[in-house]
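Try each task before you read its solution.

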Amino acid sequence: MTRPRAAIVVTGSELVRGERTDLNGPFYAQEALRLGLQPARISIVGDDPHELEAALREGFEADVCLVSGGLGPTHDDRTIELVARVAGRGLHVDASLETEIEQISRRFADRMRRPYADFAPGVRKQATLPDGAVSLGIAGTAPGVVLDAGSCVIVVLPGPPGELQRLWPRAIESEALQRTLAGAITPERRVLRFYGASESAVAKALADAGGDGDGVEATICARDFEIHVDLIVEPGAGARADALEHAFVEPLAEHLFGRDERSVQELVLGLCRDQGLTLGTAESCTGGLVAGRLTSVAGSSDVVRGGIVAYDNGIKEELLGVAPALLAEHGAVSAEVAAAMATGARERLGVDVAVSVTGIAGPGGGTPEKPVGLVFFHASGPMGEKSLRFELPGEREWIRARAAVSALHLVRRLLEG
């Protein structure tokens with residue numbers, strides 16, 4: 001059965017120039033898939049009206065066209081005007097919407113000590129909608145809009161991701177989109193997450209298992225130094241997906257660490273909670289990235305006690321208790337010092353489990369014996385010890401980011417036994 005298709009059009013010259021990363025396209029695509037739509041394409045275009053109009057015309061060929069951006073009060077915000085043109089509709093000012101935006105703009109004008117007349121043209125512009133369109137209300141001062149153009153339902157939401165996501169539930173509830181979704185059948189989505197296996201090894205395992213097809217679509221993505229595999233299973237293809245998944249996972253079983261969307265830091269925190277353990281970090285070359293990832297998770301304070309960034313050898317000695325003789329004999333970048341850092345963190349922070357990182361992130365500082373990209377890790381806890389060494393050339397930030405992920409996976413393996 002063919003699912004309704006969704007085309008996504010994201011506008012903003014700052015995205016095309018690479019000044020900002022597009023977050024709206026992936027959000028729209030994930031939501032479309034969740035609702036039973038088939039994401040067909042994501043088009044990112046700048047503020048040039050000709051390019052945006054062309055992208056919209058292509059998007060209108062789908063059953064649903066999801067658009068973001070270009071709803072502001074300035075001259076280069078042309079999305080509503082172009083949506084109306086492509087849909088063959090006129091434009092009108094929505095009086096109630098104008099009043100709503102005006103109230104916000106007047107308060108802003110007062111704070112800025114400027115006359116409201118400076119804002120009035122922009123308010124009127126933002127309250128202008130295509131004929132037949134339904135306003136979803138505003139987030140900030142930009143409205144969300146749904147237009148049923150017959151063969152295509154168009155949803156237009158503001159560019160700032162927070163505003164778009166606040167208005168998105170209203171778009172889903174709109175009558176026009178509900179009619180389209182009534183014919184959509186949501187496929188099953190199976191999530192497999194691997195660490196320590198290469199993308200080519202995962203691809204080979206999938207091919208050897210028979211590959212996708214027959215109602216099962218597989219996507220393989222290298223993300224955050226992990227390999228993420230999604231299986232999209234159409235109704236009636238469950239048995240085929242079961243067989244494929246079993247044959248595919250078997251040769252990669254030691255690398256499989258998750259079957260859901262939880263990040264490695266969430267898994268580590270969950271394992272600590274399950275075992276009643278507290279956690280701390282000792283970092284050199286990563287400069288706090290490991291602790292940063294752990295504490296980025298809401299509620300992590302019940303597990304994470306703290307972290308020590310011991311960049312200088314003197315700090316390693318003073319705050320982590322690393323013996324000067326050990327540093328002199330083996331050097332700061334060594335398995336022995338990594339182990340001492342983890343032990344010191346457990347003692348000084350008063351935690352059950354600690355993970356340490358020490359390495360050479362570059363671009364300088366490397367030697368033939370200890371090149372740039374050499375990193376040592378150690379995880380220590382009441383269940384035992386685990387250590388890791390990797391030597392991977394690359395740019396400084398890549399090495400640091402890879403090291404932070406590796407440290408988290410090392411402590412995950414320790415906690416999993």
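Rings of Phe, Tyr and Trp (its six-membered ring) pair if their centres lie within 6.5 Å; planes under 30 degrees apart count as stacked, over 60 as edge-to-face and the rest as tilted. Keep in mind that this is a predicted model, where local features need pLDDT of at least 70 and side-chain atom pairs count only at pLDDT 80 or more, while totals for chains, interfaces and linings use all residues. Residues are numbered from 1 along each chain as its sequence is written, and side-chain values use heavy atoms, with hydrogens and water left out.

**Exercise 1. A second pair**

Task: Work out how the rings of Phe-194 and Phe-248 are arranged, and where in the chain they lie.

Solution: 
- Step 1: Phe-194 and Phe-248 make an edge-to-face pair, with 5.7 Å from centre to centre and 70 degrees between the planes.
- Step 2: Phe-194 sits in strand β9 (residues 188-194) and Phe-248 in helix α10 (residues 238-249), 54 residues apart, and the pair links these distant parts of the chain.
- Step 3: Phe-194 is buried, at 0% relative accessibility. Phe-248 is buried as well, with a relative accessible area of 0%.

**Exercise 2. Charges over rings**

Task: Find which ring lies under Arg-106 and which lies under the charged end of Arg-402.

Solution: 
- Step 1: Recall the rule: a charge sits over a ring if NZ of Lys or CZ of Arg is within 6 Å of the ring centre and within 35 degrees of the ring normal.
- Step 2: Arg-106 lies over the face of Tyr-116, 3.9 Å from the ring centre.
- Step 3: The charged end of Arg-402 is placed over the ring of Phe-390, at 5.9 Å from its centre.

**Exercise 3. Backbone angles**

Task: Describe the peptide bond between Gly-362 and Pro-363, then look at phi of Asp-224 and of Phe-225.

Solution: 
- Step 1: Most residues other than glycine have a negative phi, and most peptide bonds are trans.
- Step 2: Gly-362 and Pro-363 are joined by a cis peptide bond, with omega about 5 degrees. Pro-363 is in the loop between β15 (353-359) and β16 (374-381).
- Step 3: Asp-224 has a positive phi, near 55 degrees, and lies in the loop between β10 (216-223) and β11 (226-233). At 35% relative accessibility, Asp-224 is partly exposed.
- Step 4: Phe-225 also has a positive phi, near 65 degrees, and is found in the loop between β10 and β11. At 25% relative accessibility, Phe-225 is partly exposed.

Technical notes. Helix = DSSP H or I, 4+ residues; strand = E, 2+ residues; numbered from the N terminus. Buried < 20%, exposed > 50% of the residue type's maximum accessible area, 1.4 Å probe, protein only.
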